[in-house]
Amino acid sequence: MSREIEIKFRVADLRGLARKLRAAGFRLVTPRTHEMNTLYDLPEQVLRGRGELLRLRKYGSAWTLTHKSGGKKARHSSRIELETGVTDGKKTDAILRGLGYAPSFRYEKFRAEWTDGKGQVVVDETPIGNFCEIEGSPRWIDASAKKLGVNAADYITKNYAGLFLDWKLQTNSPAEEMTFKAIQRS
């Protein structure tokens, strides 16, 4: 079992951020790759009510199944994360549905992954804006953010479902999922 510790921040200039990452000693590990995520829940949003998340992700051609729980929000977001690769996403979806889970939210993005060997920085282009996540130890997160010119006041600890709900309130959008197609239609 591992603990995921991270922060997000909004990105106005993707090229400028890439320059800052290189200057800070980060190297690109995975170039911009499409990612589709489906969150699952039981009837009456049992997992959500417990502050848990069950996600099936397709990143490029790779599939992963993730369970997150035990969330704590302070300056950094911290959750227990269990993740495993799956060989067949469609069959995994069928298994989850057979067990009584149903898709509760879908979101997509284009993600690029960077590292300096001590932690991970990902740059996400989403339908509701661009974000960067810094994941690692709290001290490393803060030091990396500082190198990128990001202050603790700019930290975001919400997940993408929470950010999407905030965006819907701000824009009065009728979109029900955070996909490029759904946002364009709204």
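**A salt bridge and its surroundings**

Author: In this predicted model, Glu 4 and Lys 68 form a salt bridge, with their closest N and O atoms 3.0 Å apart. Glu 4 belongs to strand β1 (residues 2-10) and Lys 68 to strand β4 (residues 62-73), so this pair ties together parts that lie 64 residues apart in sequence. Glu 4 has a relative accessible area of 4%, and because buried means under 20%, Glu 4 counts as buried. Lys 68 is likewise classed as buried, at 5% relative accessibility.

Lys 68 has a further partner: its side chain meets that of Glu 81 in a salt bridge of 3.5 Å, N to O. Since Lys 68 lies in β4 and Glu 81 in strand β5 (residues 77-86), this pair ties together parts 13 residues apart in sequence. Glu 81 is also buried, with a relative accessibility of 14%.

Another salt bridge joins Glu 6 to Lys 8, with the closest N and O atoms 3.5 Å apart. Both of these residues are buried. They take part in a network of salt bridges that also links Glu 35, Arg 57, Lys 109, Arg 111, Asp 124 and Glu 133. Across the whole structure, a search finds 19 salt bridges.

The strands named so far belong to a barrel. It is closed by 8 strands in the order β1-β5-β4-β3-β2-β6-β7-β8, with antiparallel pairing. On average, neighbouring strands of this sheet are turned by 35° against each other, direction ignored. Strand β1 runs antiparallel to strand β8 (residues 129-135), and 5 bridges join the two. Within β8, Cys 132 stands opposite Phe 9.

Helix α1 (residues 14-23) packs on the sheet, where it touches β1, β6 (102-115), β7 (120-126) and β8; the direction of α1 makes about 175° with that of β7. Helix α5 (residues 160-171) lies across β1, β6, β7 and β8 as well, and runs at about 110° to β6.

In soluble globular proteins, nonpolar side chains tend to be buried together. The largest nonpolar core here has 21 residues, and those with the most contacts inside it are Phe 9, Leu 17, Leu 21, Trp 114, Val 121 and Ile 134. At least two residues of this core come from each of β1, α1, β6, β7, β8 and α4 (138-147). Leaving aside residues up to four places away in sequence, Val 121 touches Leu 21, Phe 26, Ala 112, Glu 113, Trp 114, Cys 132, Glu 133, Ile 134 and Trp 140. Another core, of 15 residues, lies apart from the largest one and includes Phe 105, Phe 131, Leu 163 and Ile 183.

Note on methods: Residues are numbered from 1 along each chain as its sequence is written. This is a predicted model: local features need pLDDT of at least 70, side-chain atom pairs count only at pLDDT 80 or more; totals for chains, interfaces and linings use all residues. Side-chain values use heavy atoms; hydrogens and water are left out. A salt bridge is a side-chain nitrogen of Lys or Arg within 4 Å of a carboxyl oxygen of Asp or Glu. Helices (H or I, at least four residues) and strands (E, at least two) are DSSP runs, numbered from the N terminus. Buried means under 20% relative accessible area, exposed over 50%, partly exposed in between (1.4 Å probe, protein chains only). Two strands pair if DSSP finds at least two bridges between them. Axes are lines fitted to C-alpha atoms, for helices over the stretch in contact, and angles run from 0 to 180 degrees between N-to-C directions. Contact means heavy atoms within 4.5 Å. A nonpolar core is a set of buried Ala, Val, Leu, Ile, Met, Phe, Trp, Tyr and Cys residues joined through side-chain atoms within 4.5 Å.
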